[in-house]
Each structure stands twice: as structure tokens, then as C-alpha cells.
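Have the viewer open as you read.

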Amino acid sequence: MSTPTADSARASLEGLRTEIAKAVVGQDPAVTGLVVALLCRGHVLLEGVPGVAKTLLVRALSTALELDTKRVQFTPDLMPSDVTGSLVYDSRNAEFSFQPGPVFTNLLLADEINRTPPKTQASLLEAMEERQVTVDGTPRPLPEPFLVAATQNPTEYEGTYPLPEAQLDRFLLKLTMSLPARQDEIDILTRHAAGFSPRDLNAAGLRPVASAADLEAARDAVAKTAVSPEVTGYIVDICRATRESPSLSLGVSPRGATALLSTSRAWAWLTGRDYVTPDDVKALALPTLRHRIQLRPEAEMEGVTADSVISAVLAHLPVPR
């Protein structure tokens, strides 16, 4: 089998949107965000009320990419070993053997991640950052590609454990999945009336349209996407401006700046260019930075949001030409 070229890899990844649309209606920005995260080897926090197809989106992506996927429902009594795996005593051999947890997959859907205590949330940190799990002192590498798509409900906070800043910063993107427009909702109901079942994606016609080889070729091409000194300076200026905002108690860190550089390059390549423009940076600024800043309580009471602060920064900063 021949190695995919950059152009064929881009065509395959563009086909993902069409394929996923067979199951998920009206969530194009979230689909694009997941593809960008895969290209950047990053992870995604999906935020939306129940019933907007967060779980279905991840399952549809894994089907269209022919990747292994596992789902963990995070609950208050979930233990770290329930995610990473543990040593199990084998009486036949009179020794302990490692039983891998659900984190050993390509796409891990961490459902309602803020419903589990910090100790269990932290069990994902090593997996997300180092792409390995250490149990009993032995590091065990995770499969490649590996992406965590964690979901949380933005309206129901009773009995939840908000993600600490250190863990939020590990997510490359925070994507908000909104309620569908009226016509999209009509399309959803029409499909269900015609017999669509979210539990059977094969019956819906979903087929693999891209492979892990396409993804690897695409990642190599993204790494060669040019970034001018002016655009690099623009990214730094955006992040530094958040640190000086009177509405924020915490601005974007240098890790956030490198994340914005990565996502801008991936987006530029996906749109068919081998160089990054300021418009690419603007397009990815909100999903890349919105979870990396912290509002002052008084600003929050006045109705200021993370998105409005970043939008104001983008509106006031001079754009390089």
C-alpha cells in the first residue's frame, strides 16, 4: 500500500466532514475542531447540554477514521485504576499481570469528566501529556494516534468537581456544542422518523474515509506549514494582552501561545495553504484560548465571558499585514 501524499491526506480528512454529517447534523465547527486536535496530537473538551450529540460525534469520528474508541462514564466513585488499568493476580501463574484500562485506545470519550473527584481526573494527566500510563513503576505506552475527548455539562454543577487550571490547560481545544438551528433539528427528526439509530452507525451508511496513514502524512505536512515572524508576534501579542486584561485574574500562558500556533498551522493546512495568516489565528483563538483564562469574580457578575474578553483583544490588537 502506497504512502499517502499531503494532498491525498487533505482530501481524505475533508471527506470526514461529509461522512460524519450522515450521523451528526449541524455541528461542523466541532467536527473541524476534532480533526485539528488529531493533527496537533491534542485533546478536546466538549461542552454542551445533554442531547446535542457529543457522544455520537466521537463515535462517528472513530468510525470514519477506522480508529478504536472506548467510553468511560465518569462518576463520583470511579477510581484511577478504572481508567488506567491495574495489576491483577493470576493464581495459575502465581504472579501479577497488567490488565489495561479503557485509556488504552485511540479515541477515549471521557463522559462528564467533571463528575469524578480530582484524584481520578488526575489519572488522565500522564496519559494526555506523556502518552503513557505508569502502573507499579512501569511505564506503558498508549496507542498512536491517541485523543481524549472529554465532555461536560455547562448548566448542571451540583455534585461536580470543576477541572483545575492545570488540567484545563492540557486540553488543546474547548469546543462548545450549541443547540441546533430549527432546520437542523427538523433534519434530525426526519432522519429518526426514517429509521436512523445512533446505536448503529453502519446502518446509517458511515464508512472509513481516512486512515491512520493519512493522519500521519497530514501531521508531517502541518509541521512544514510556514509561520512568518509577523504572525508569531501577533500570537504572542494576543496572549500577552490577556495577561493585562482588567477582567482576568489569569491570562494565557506560554503553553497557550504554542497551542494557538499549532492549531493555526493545522487550520491553514486544512484550508489548502502552506503558510499561516492572521485570519487563521483569529479563527482558532476562541476554541484554543477560552479555557486557559480565568475571569475575576466581579467581571463574571457583570456578565463578562471568556469569549467576550478574547474577542475584545482580537478587535483592539493591530493585525499584521
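## Helix 9 and its buried side

In helix 9, the buried residues are Val231, Tyr234, Ile235, Ile238, Cys239 and Thr242. They sit on the same side of helix 9, because they cover an arc of only 125° around the axis. Here, buried means under 20% relative accessible area, exposed means over 50%, and partly exposed is in between, with a 1.4 Å probe and protein chains only. The arc is taken from the directions that run from the helix axis to the C-beta atoms. What do the buried residues of helix 9 pack against? Their partners are strand 10 (248-250), helix 10 (254-270), helix 11 (278-289) and helix 13 (306-316). Contact here means heavy atoms within 4.5 Å.

As for length, helix 9 covers residues 229-243, and its 15 residues should span 21 Å at 1.5 Å a residue; the end C-alpha atoms are 21 Å apart, which agrees. The expected span is 1.5 Å times one less than the number of residues. Helices (H or I, at least four residues) and strands (E, at least two) are DSSP runs numbered from the N terminus.

A word on the model itself: it's predicted, so local features need pLDDT of at least 70 and side-chain atom pairs count only at pLDDT 80 or more, while totals for chains, interfaces and linings use all residues. Residues are numbered from 1 along each chain as its sequence is written, and side-chain values use heavy atoms, with hydrogens and water left out.

## Helix 10, from end to end

Helix 10 has 17 residues, which should span 24 Å at 1.5 Å a residue, and its end C-alpha atoms are 25 Å apart, so the two agree. Its buried residues are Gly256, Ala257, Ala259, Leu260, Thr263, Ser264, Ala266, Ala268, Trp269 and Leu270. They pack against helix 1, helix 2, strand 9 (173-176), helix 8, helix 9 and helix 11.

Serine 264, found in helix 10, is buried, with a relative accessible area of 0%. Leaving out residues up to four places away in sequence, serine 264 touches Val276, Asp280, Val281 and Leu284. Proline 254 also lies in helix 10, but proline 254 is exposed, at 57% relative accessible area. Just after helix 10, glycine 272 takes a positive phi of about 100°.

## Helix 1

Helix 1 (residues 6-20) has 15 residues and reaches 22 Å from its first C-alpha to its last, close to the 21 Å expected. Which residues of helix 1 are buried? They are Ala9, Arg10, Ser12, Leu13, Leu16, Glu19 and Ile20. Their cover includes helix 2 (28-39), helix 3, helix 8 (212-223) and helix 10.

## The second largest pocket

The second largest pocket has a volume of about 370 Å³. Of the 20 residues that line it, Gly51, Val52, Ala53, Leu56 and Ile188 are the closest to its centre. Helix 3 (54-65) and helix 7 (182-193) are the elements that give two or more residues to this lining, and helix 7 provides the largest share, five residues. By class, the lining has 13 nonpolar, four polar and three charged residues.

On terms: a pocket, on a 1 Å grid over the protein atoms alone, is an open set of points where a 1.4 Å probe fits, with protein on both sides within 12 Å along at least five of seven lines, and lining residues have an atom within 4 Å of a point. Points are joined across faces, edges and corners, and the volume is the space filled by probe spheres set on them. Ala, Val, Leu, Ile, Met, Phe, Trp, Tyr, Cys and Pro count as nonpolar, Asp, Glu, Lys and Arg as charged, and the others, Gly among them, as polar.

Helix 7 also holds aspartate 187, which counts as partly exposed at 29% relative accessibility. Aspartate 187 and valine 25 are 162 residues apart in sequence but 7.5 Å apart in space, C-alpha to C-alpha.

Arginine 41 has a positive phi of about 55° although it is not a glycine. Arginine 41 lies in the loop between helix 2 and strand 1 (44-47) and is partly exposed, at 35%. Glutamate 66, likewise not a glycine, has a positive phi of about 55°. Its loop runs between helix 3 and strand 2 (69-73), and glutamate 66 counts as exposed at 62% relative accessibility.

Where does proline 145 lie? Look in the loop between strand 7 (138-141) and strand 8 (147-152). The peptide bond from glutamate 144 to proline 145 is cis, with omega near 0°.
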